[in-house]
Amino acid sequence: MNRKNILLLETVAEDAMRMLENASDMNILTGFDETSLKHQIENNVIDAIITRGKGQVRDSFMEQLPNLKVISRCGVGLDNIDVSSATKRGIKVVNAPNSNADTIAEHTIALLLMLQRNLYNAVTMVKENRWGDRGTYVGDETHGKTLGIIGMGNIGKKVAHIAKALGMNVIYWSSKKEDVPFSFVEFQQLLTTSDAISLHLPLTSKTEKLIDSAAFSLMKTNALLINTARGGIIDQKELFTALQSNSIAGFAADVLAEEPPVENDPLLQLKNVLITAHLGSLTKTTYTKMCTMTVQNTLAILRNEAAMEKCVFNKKELENN
């Protein structure tokens, strides 16, 4: 039997790991650190790579693996993979589209509610035995406010429907109008009329630093900005300036332009900022789903079987090459 070699750059969910271990026609190799990665590359012919997001798969890395057929990411975003180089080399890039839409939508709304209701400070107040400080509490509700969604894809749609159920007025701007019961508005109009703004875009050359000083200058002073997409969509320097000067009221995110942030990052010291450590998709259900879906498709491709629909990200480009 001609066994294929699959190189893991990071750990995967237990169910996904069992699928790999039970694949008798595959060898599972691990390169979790620089030393082990170098050893695996120098001593094995690598047929597939599986990463979660931390492992970087750039052109210089692919060049060392002439037999590479598949690069798979247990997730949706492909920032850590040079898709263009992979396509030129005829390598299939696999991800898990839509697998995290529900959990990221939930996380988005949770951050919005925490920020709007000032819940982090409210909970801290009690934990620190400052019950009497309730008289100084300042918070508000989302009902009746306008949520502007930038990027009406799968996640954006789910956020919109939850927000509507909370009694919010939902408007959106996206690359194209979608068949949704929400009002499409121009980008600048969304910025000027929204009480809360939620980002749901991929990070590309067109969206990088889309939210810049000009964008912040158009936002309401009571506006809240939520980002569960990619940190690079926001100019982080201008974000700090806007928050520090109270040009906007607050910021909550699961992503940052630099992850992890530098120690004592001034942004994190601001009272109107809530940051979680890029863990929106790390619920047990979604994490397992992303990993098992990715492993299943990787095995299928290596066995010359059909992968799930839309899971080969660069399928059209490869077919046109």
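## Terms and model

In the residue classes used here, Ala, Val, Leu, Ile, Met, Phe, Trp, Tyr, Cys and Pro count as nonpolar, Asp, Glu, Lys and Arg count as charged, and the others, Gly among them, count as polar. The structure described is a predicted model.

## The second largest pocket

By these classes, the lining of the second largest pocket comprises 12 nonpolar, 8 polar and 6 charged residues. The pocket holds about 700 Å³ of space, and of the 26 residues that line this pocket, Leu115, Asn118, Asn121, Val138 and Lys271 lie nearest its centre. Two or more lining residues come from each of helix H5 (101–117), helix H6 (119–127) and strand E12 (273–275), and H6 gives the most, with 4 residues.

## Helix H10 and its surroundings

Helix H10 spans residues 236–244, and its buried residues are Gln236, Leu239, Ala242 and Leu243. Seen down the helix axis, these buried residues fall within an arc of 115°, and therefore they line one face of H10. In general, an α-helix has 3.6 residues a turn, so residues three or four places apart point the same way. The buried residues of H10 pack against helix H9 (213–218), strand E10 (224–227), strand E11 (250–253) and E12, whereas the face turned away from the buried side carries the exposed residues Lys237 and Gln244.

## The ends of H10

At the start of H10, a side-chain oxygen of Asp235 comes to within 3.2 Å of the backbone nitrogen of Lys237. After the helix comes Asn246, which has a positive phi, near 60°.

How values were computed: Residues numbered from 1 in each chain as written. Predicted model: local features only at pLDDT ≥ 70, side-chain atom pairs only at ≥ 80, totals over all residues. Heavy atoms only, no water. 1 Å grid on protein atoms, 1.4 Å probe; cavity = no way out; pocket = protein on both sides within 12 Å on 5 of 7 lines; lining within 4 Å. Points joined across faces, edges and corners; volume = space filled by probe spheres on them. Buried < 20%, exposed > 50% of the residue type's maximum accessible area, 1.4 Å probe, protein only. Arc of directions from axis to C-beta. Contact = heavy atoms within 4.5 Å. Polar contact = N/O pair within 3.5 Å; in protein donor to acceptor, adjacent residues only side chain to side chain.
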